[in-house]
Amino acid sequence: MEESSLSRAPSRGGVNFLNVARTYIPNTKVECHYTLPPGTMPSASDWIGIFKVEAACVRDYHTFVWSSVPESTTDGSPIHASVQFQASYLPKPGAQLYQFRYVNRQGRVCGQSPPFQFREPRPMDELVTLEEADGGSDILLVVPKATVLQ
């Protein structure tokens with residue numbers, strides 16, 4: 001991996017990271033989904049790193065995994081792929097902001113995700129309160145957010 005400066009903004013037409021959470025729970029594996037733009041030829045030497053937001057070069061990664069190379073691609077269509085970061089290699093919980101960055105075989109950053117953190121879950125963040133719309137009841141219901149989303 002050659003050392004290269006990183007740009008602060010994702011390049012136009014670059015790799016797009018999908019469904020990036022604001023926070024990830026430490027000590028659990030993290031799945032990273034991304035899309036390569038049409039015409040991009042992925043290589044087994046491309047990789048995705050977890051970087052501190054302020055990282056200035058490709059050598060400043062916390063951890064990385066090699067990108068997945070699809071067996072077949074259709075010319076002119078985007079390539080959807082995903083990789084997993086194993087729990088034991090992830091950053092410790094804290095206020096530090098991180099982002100995924102896709103680095104190609106030449107050491108150039110081809111895309112970066114929105115910032116995220118690693119932090120322990122806070123139980124109250126996962127609860128939602130529901131009240132009856134007509135106000136005719138004195139019952140307040142507290143349920144897990146996952147139940148409401150289902």
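This is a predicted model: local features need pLDDT of at least 70, side-chain atom pairs count only at pLDDT 80 or more; totals for chains, interfaces and linings use all residues.
**Figure 1. Overview of the protein chain.** The protein chain has one helix and 11 strands, where helices (H or I, at least four residues) and strands (E, at least two) are DSSP runs numbered from the N terminus. Read from the N terminus on, the elements follow the order β-β-β-β-β-β-β-β-β-β-β-α. Of the 150 residues in the protein chain, 33% are buried, buried being under 20% relative accessible area with a 1.4 Å probe and protein chains only.

**Figure 2. Both faces of strand β7.** Six of the six residues of β7 (residues 98-103) are buried, so this strand is largely enclosed by the rest of the structure. Tyr-98, Phe-100 and Tyr-102 lie on one side, while Gln-99, Arg-101 and Val-103 lie on the other, and both faces are covered.

**Figure 3. Strand partners of β7.** Strand β4 (residues 47-52) runs antiparallel to β7 and is joined to it by six bridges; pairing requires that DSSP finds at least two bridges between two strands. Strand β8 (residues 109-112) also pairs with β7 in the antiparallel sense, over three bridges. Tyr-102 of β7 stands opposite Ile-48, and its bridge partner in β8 is Gly-111.

**Figure 4. The hairpin of β7 and β8.** Five residues lie between β7 and β8 in this hairpin, and Gly-107 in the turn has a positive phi of about 85°.

Residues are numbered from 1 along each chain as its sequence is written, and side-chain values use heavy atoms, with hydrogens and water left out. Local features need pLDDT of at least 70 and side-chain atom pairs count only at pLDDT 80 or more, whereas totals for chains, interfaces and linings use all residues.

Terms used: Buried means under 20% relative accessible area, exposed over 50%, partly exposed in between (1.4 Å probe, protein chains only).
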